[in-house]
Amino acid sequence: MLLIGLGVAWVAGLLPVGLWGAPWWMGAAWTAAAGVPAALRGIVRPGVVGVAVALAVLAGWRLDGALQQGQPPIAAYAGLDVVLTGTVVSEPDPGELTTAYDIRVERLDLGDGTAFDDAGLIRAWVHQYERFLPGDRVRLEGELEQAPVFDGFDYRSYLAARGIGAVMWRPETALLEPGDASPARELTRLRLALDSALQRSLPEPEASLGAGIAFGRDGGLSREVKEEFNRSGLRHLVAVSGANLVMVAALTLAVLSRAVGRNRALAAAALAVGGYVVLAGFEPSVARAAVMTAVLFAGEAVGRPQSGLPGLALAVIVLTAAWPRLALDAGFQLSAAATAGLLTFGPWLRWTVEHARRWWPASWLPGWVTEVTALSLAATAATMPITWAHFGAVSLVGPLANVVVQPVVALAFWASLATSAAGLGWRTGGEFAGVIAWLPLRFILDAAAAGAAPAWAAIEPGRLAPAAGAALMAGLAVLAAAAYRFLPAPVPVSEAARRRAALGNQLLLGGAAAAVALFVLPGTVRQDQALTVDVLDIGQGDALLLTTPGGKQVLIDTGPSGLRLARELGEVMPPWDRKVDLVIVSHPQEDHIGGFPALAERFRLGRVVTNGDRNATRTGALTARALDGREVVARAGDRFEFDGVAFRIVWPPDGIPGDELNRRSLAVLAEYGGVRLLFTGDLGAAEQRALLETLGGSVDVLKVPHHGSKNSDAAFLGLAAGGLAVISAGEGNPFGHPHPATLEALGGATIARTDRDGRIRIEVKEGTVRVTTER
């Protein structure tokens, strides 16, 4: 109990400084006001009160000193064009069109002869395929900027709290010198290799969710998916979260204890924690996650789970003494609260659900189900005020969603690790394991989406006031103290109830296996003889997937973003299909080939049909390298048939100059069951008029050239009269695509456009065309 009391004093020292910016001595005054009367009445020894007050003083002083640190020197030069050299200190953080790195600036050159050394940290968003490792020395040239402040989120302050004083957007970059070999650098290399193995083995968003759960790399998840996790109360699953790791370890321990015994289960759970720490890196967030989990194990290892609470108090003191700002970190607070909830509320909730099992229908529930329910409710109840205070929302479905999802998370953790390990050196093995891992990951995603769907799923009253949040947590602490002080007696379970629970376990697992079979097996057989065209919502670019009647995939262009292409393909391709049988690249501009390097990394590719042109950009060079051995250069008149669908290249003819890439875009006419579909790349008006003479009549489906720009020929657009015209353009794009004049010229056609309608699906069957849209 002594360590627990000292931990409370330490937190009391942190609270007034962190919540209200009070003087560093305020928490010590509170501690003395409570401790001195208790010492005078003989309840507490005076020496203990003295130590508690001293700890409160130290806690407040450490946090106050950390918060008083000024802005990094580099913040003063925001708005200036600079040249800087520095060292990469972070892993790549992927985005749709960029990759972010944190860089320690060793020298800052303002270009007028003025230069500074050791200017601080910046965050730079560079080309999506730029790859650095921690320790690499780099040169950046561009404009320094202040970080933005978003509505509801002060990103500038968020970065400043991490010592980052400025940002750069798409600077010119150069690698000056690779970093020296080190264990941390090699672990980063291994982690990135495991992430790539998941990307090859799983579709999106399952690959990013698996990476987030297994080793903390969740950057590939879209904003929409993260919002679903927020609303459903599952936010902790998609971050480097101590609460998440604690739950995975606790569930592994709870389930395996019944199957292989307590000691072996402890070893497996410890392996999970050790593997996570190694793979997720030794950053403070990972370290505190491991420490919190080790606290839970310490009590289990000696047979007294509640003895972990003094260890938790010691862990909080040590971690926030070493990194004072950690006390303000939402992840740290969630980790500590979840661990405390498991240690204090967990036994009583187990007692409650075990009593419920004495009711005949509930006695059929397996013991691991009731264990999971108790653990999930304990962690959710303990962390709810913190979630409300930091994120301004309370998920009403969160407790139920966590009970449903948490046991699957433990399975997803192990399956994702196995998939990434298998896929490192054996792609086929990774793909096979990925089919298994996809099931729990897909379940988690669907559960988050279902939980977030109702309007009442979450209430957003705004962030809880600091005083109110502290009061709620204090109330929970009083309840936790009472629960910790008076442990419930074990609940006896009759032999008949044990037999029913064992049978219930068999029925549950058998039902789950049957449900999986009913879900998966019908999808392995293509049931109709239709040609499907998915016009992917890829942003400002082109990417269309044709799925032939036999289930083969033909991809025409890849859009500007590898990550967004992977997400879109994950929505329309079977999860076990990691091959694109044919790729047609209309021309090598960024909005048509930007996703190709990522496509070649993630999928097995068959032939790639191009016009033979090259583009002297980073993406162009990576695309040319990935084309090696696969490329087929096509010209007007070339024909081929692919799984019953006839393709004819109708542009460009020989002799078209190659100085303007758009003029030489491949145009492809596909025919199936008497239906004609024309895909046009970025052809301009002159090329359209020349092509019009050779097509021999109208088409049923026209992919409008150049995203619906004004540089189109009205007669050519008339080809779609009475049919369907599809336009691939990014929502809110700066070019004004599609142009009003183009839309007017298409007046005789049904128009579908990705900027307004989202992803578009066209089905061609028995000579008819049917179109549906995402929105």
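These exercises work through a predicted model of one protein chain.

**Exercise 1. Describe the chain as a whole: its secondary structure, burial, contacts and surface.**

Solution.
- Step 1: Begin with the secondary structure, which comes to 25 helices and 24 strands.
- Step 2: Turn to burial. The chain has 775 residues, and 52% of them count as buried.
- Step 3: Take the contacts between residues at least 6 apart in sequence; 69% of these join residues at least 24 apart.
- Step 4: Finish with the accessible surface, about 33400 Å², of which carbon and sulfur atoms hold 60%.

**Exercise 2. Compare the reach of helix α1 with the expected span, and find where α1 has a kink.**

Solution.
- Step 1: Helix α1 covers residues 2-20, which gives 19 residues.
- Step 2: The expected span is 1.5 Å times one less than the number of residues. For α1 the expected value is 27 Å.
- Step 3: From first C-alpha to last, α1 reaches 28 Å, close to that expectation.
- Step 4: The kink in α1 lies at Leu-14, is about 30°, and comes shortly before the proline Pro-16.
- Step 5: After α1 comes Gly-21, with a positive phi near 70°.

**Exercise 3. State which elements the buried residues of α1 pack against.**

Solution.
- Step 1: List some buried residues of α1; among them are Ile-4, Leu-6, Trp-10, Leu-14 and Val-17. Pro-16 is also buried.
- Step 2: The buried residues of α1 pack against α2 (26-40), α3 (46-67), α11 (308-322) and α16 (466-485).

**Exercise 4. Classify the aromatic pair of Trp-125 and Trp-169, and decide whether each residue is buried or exposed.**

Solution.
- Step 1: The count of aromatic pairs comes to eight. In the pair of Trp-125 and Trp-169, the ring centres are 6.1 Å apart and the planes make an angle of 50°.
- Step 2: Planes under 30 degrees apart count as stacked and over 60 as edge-to-face, with the rest tilted. This pair is therefore tilted, as its angle is 50°.
- Step 3: Trp-125 belongs to strand β4 (residues 115-127) and Trp-169 to strand β6 (residues 164-169), 44 residues apart, so the pair links distant parts of the chain.
- Step 4: Buried means under 20% relative accessible area, and exposed means over 50%. Trp-125 has 17%, so Trp-125 is buried; Trp-169 has 53%, so Trp-169 is exposed.
- Step 5: Trp-125 and Trp-169 form one aromatic cluster with Phe-150 and Tyr-155.

**Exercise 5. Find the rings over which the charged ends of Arg-485 and Arg-607 sit.**

Solution.
- Step 1: The charged end of Arg-485 sits over the ring of Phe-486, 5.0 Å from the ring centre.
- Step 2: For Arg-607 the ring is that of Phe-640, with the charged end 5.8 Å from its centre.

Terms used. Residues numbered from 1 in each chain as written. Predicted model: local features only at pLDDT ≥ 70, side-chain atom pairs only at ≥ 80, totals over all residues. Heavy atoms only, no water. Helix = DSSP H or I, 4+ residues; strand = E, 2+ residues; numbered from the N terminus. Buried < 20%, exposed > 50% of the residue type's maximum accessible area, 1.4 Å probe, protein only. Contact = heavy atoms within 4.5 Å. Areas by Shrake-Rupley, 256 points an atom, 1.4 Å probe, with all protein chains shown as cover. Bend = angle between axes of the 7 residues up to and from the residue. Phe/Tyr/Trp six-rings, centres within 6.5 Å; stacked < 30°, edge-to-face > 60°. Lys NZ or Arg CZ within 6 Å of the ring centre and 35° of its normal.
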